[in-house]
2 protein chains.
Amino acid sequence: MQTLQLDLGERSYPIHIGQGLLQQPELVTPHIRGKSAVVVSNTTVAPLYLQTTDAMLTGLKHSAAILPDGEEYKNLDTLNQIYTHLLENKADRKTTLIALGGGVVGDMTGYAAASYQRGVNFIQIPTTLLAMVDSSVGGKTGVNHPLGKNMIGAFHQPQCVLIDTDTLNTLADRELSAGIAEVVKYGLIRDPAFLTWLDENMDGLLARDPQTLTYAIYRSCEHKAEVVAADERESGQRALLNLGHTFGHAIEASMGYGQWLHGEAVATGMVMAAQMSQQMGWLGADEVAYVRHILQRARLPVDPPAQMSGEDFARYMSVDKKVLDGTLRLVLMKSLGESIVTADFDPDALKRVLQG
Amino acid sequence: MQTLQLDLGERSYPIHIGQGLLQQPELVTPHIRGKSAVVVSNTTVAPLYLQTTDAMLTGLKHSAAILPDGEEYKNLDTLNQIYTHLLENKADRKTTLIALGGGVVGDMTGYAAASYQRGVNFIQIPTTLLAMVDSSVGGKTGVNHPLGKNMIGAFHQPQCVLIDTDTLNTLADRELSAGIAEVVKYGLIRDPAFLTWLDENMDGLLARDPQTLTYAIYRSCEHKAEVVAADERESGQRALLNLGHTFGHAIEASMGYGQWLHGEAVATGMVMAAQMSQQMGWLGADEVAYVRHILQRARLPVDPPAQMSGEDFARYMSVDKKVLDGTLRLVLMKSLGESIVTADFDPDALKRVLQG
């Protein structure tokens, strides 16, 4: 087992990564302060891991809220199901919520914890690669609105994150690839050597080799932890983590949440960011091709949906959270492994990229 | 004009109190950092004060979201109307929300500000006495759930609070009395001299004498500011502000939100707290009678609804936020003007009070 400490002052917490961690209650129980816990999971994950999770909570009053599975349920209605479960089970301010599932479960559980009785504790147990390397670390929580993704939410840090790599054995191939998109992202943002390592070890990742997965997750969490610790509330450096996301969110919103996986949309979004970086004169054609290559090796889509026009992109990107005072900011690559946030670009160049 | 500074470190903010402040845009505009503002009001207050408020925002991009009026609309559905308005009007992270109305508008606008894009700025312009002396100060925001009041929310401090006493001229008599309940509360919690002043000046308050109102509001805000500054997140002293609220919330929930005004329920709740304090041997019968007397002078109800049984109270009180780890805590009076929070009481004594 490896442990990373996310350093956020009084909101600091450990991230444990390794095999068989769901069999180690001593990793979780010290972080539960009250006498009760509520596990939030979904109809896909609960049959696989709820029993093991419940066994960790022996001696505590606990219950489980099981949500429907899918990004299309990441909304206020489903959130309200969690509140109702908490109230029906007399959860109080010392109750700890435990998110058992992927990013959707983690984001919604975290937001329920941020807002139930104005804030209770929670623990993340991510069971998808995407959630392990991205959404479970950093404290961003929330739900979607029909007019925009993650438009409702809060910053709320968990008490600990428990990453059991064994849970990836039940993950669908497509979900695994979507997770790898975010792993590749860390390489593109700030770690050229990791990018090379990923190129060399992509087969091992796809074959779910435990050592390869563990290293990729650890390194990804380390990158995310460093960025988040430097900038908890996303005023500056943290925005780099959105590489590919402004384009990707537009794809997800336009296609309807749940049609494209988040990681798939981000993969295509990163290719578009690379193309925009080429328009800026920062990347060469061979580097754009390399970005496409490594994502294709991870079996990810690299071209936007045929039915999306440039206008579709422009419309959805205009409500993106990176728009400040009406100015669109993009995360672009100065080189492979070095990204920046900029609002200083030629709108016509962006139009060319959006029109494909 | 009088100005109180609520001292919360980097979240400190001024509370301006006086006549004609809605005609002084220079009090508000320094607190708007972006180029856009969204006023949130309701169908009762907007026809009276929206035009004046809009005039303060000249030069900024601004719009208004008008909600239905009433505690029964303080829920996730109405909150979602605010989100939809913000998204349709392309509000971004630098947009400032302005709450123009009573406590319901203030709580919902504050919570929308806490959660829209994970947090934007907001300003409180309370137009009811209750909101002026209570909900607009201290940063508690949120909405109700069918199973409990204020069960969903966040701590989110405004950038400033603007209290224009002129707006009380359009307030219904019943609403004015409900506000006086919270003013009396500060006397009962921590200020015997203020209680005496209120007894002597109750006629002036009911007649809406500007000087009398200004002093009562200023003193109430001062008390609330002192308590909140000492205990922003309600781990200890802040809980004293809930005098009468545990009983009162049960009345509101049992009767259906909106039937009893919050202040009316709190008035009756404070009488019940006094009766429980008598059971504890802390107050004499004459002091309980004095609590009834001063609230009756303010034209407030002092007896629980006839149709509520002791069991009704017990059921609704069991989900109250003051229940920690299954232990019910009550705010009780050691003497008039000195309250404490305690879980150390005889359940049978409570039962006697609840059964009336």
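Mentor: Happy to. Let's begin with burial: a residue is buried under 20% relative accessible area, exposed over 50% and partly exposed in between, using a 1.4 Å probe and protein chains only. This is a predicted model, in which local features need pLDDT of at least 70 and side-chain atom pairs count only at pLDDT 80 or more, while totals for chains, interfaces and linings use all residues. Residues are numbered from 1 along each chain as its sequence is written, chains are lettered from A and ligands numbered from 1 in the order in which they are written, and side-chain values use heavy atoms, with hydrogens and water left out.

Trainee: Good. Is B:Asn150 buried or exposed?

Mentor: B:Asn150 counts as buried, at 11% relative accessibility. B:Asn150 sits in strand S8 (residues 148-155) of chain B; strands are DSSP runs of E with at least two residues, helices are runs of H or I with at least four, and both are numbered from the N terminus. Its phi is positive, about 55°, although B:Asn150 is not a glycine.

Trainee: And what is phi of A:Gln117 near?

Mentor: Phi of A:Gln117 is near 50°, again a positive value in a residue other than glycine. A:Gln117 belongs to the loop between helix H3 (103-115) and strand S6 (122-126) of chain A, and is buried at 3% relative accessibility.

Trainee: Let's zoom out. How many helices and strands does chain A have?

Mentor: Chain A has 12 helices and 13 strands. Its radius of gyration is 20 Å, close to the 21 Å that the globule rule gives for 356 residues, so chain A is as compact as a globular protein of that length. That radius is taken over C-alpha atoms, and the rule is 2.2 Å times the number of residues to the power 0.38. The C-alpha trace spans about 60 × 40 × 35 Å along its principal axes, and 63% of the 356 residues count as buried.

Trainee: Which residues does A:Met333 contact?

Mentor: Leaving aside neighbours within four places in sequence, the contacts of A:Met333 include A:Leu188, A:Leu243, A:Met270, A:Trp282 and A:Glu338. Contact here means heavy atoms within 4.5 Å. A:Met333 lies in strand S12 (residues 330-335) of chain A and is buried, with a relative accessible area of 0%.

Trainee: What about A:Gly256, where does that lie?

Mentor: A:Gly256 is in the loop between helix H8 (245-255) and helix H9 (262-279) of chain A. With a relative accessible area of 25%, A:Gly256 is partly exposed.

Trainee: Now the two chains. At roughly what angle do the axes of H2(A) and H2(B) cross?

Mentor: Helix H2 of chain A and helix H2 of chain B, residues 76-88 in each, have axes that come within 12 Å and cross at roughly 145°. Those axes are lines fitted to C-alpha atoms, for helices over the stretch in contact, with angles from 0 to 180 degrees between N-to-C directions.

Trainee: Which residues meet there?

Mentor: A:Leu76, A:Asn80 and A:Tyr83 in H2(A) meet B:Leu76, B:Asn80 and B:Tyr83 in H2(B). By class, that contact has four nonpolar, two polar and no charged residues. Ala, Val, Leu, Ile, Met, Phe, Trp, Tyr, Cys and Pro count as nonpolar, Asp, Glu, Lys and Arg as charged, and the others, Gly among them, as polar.
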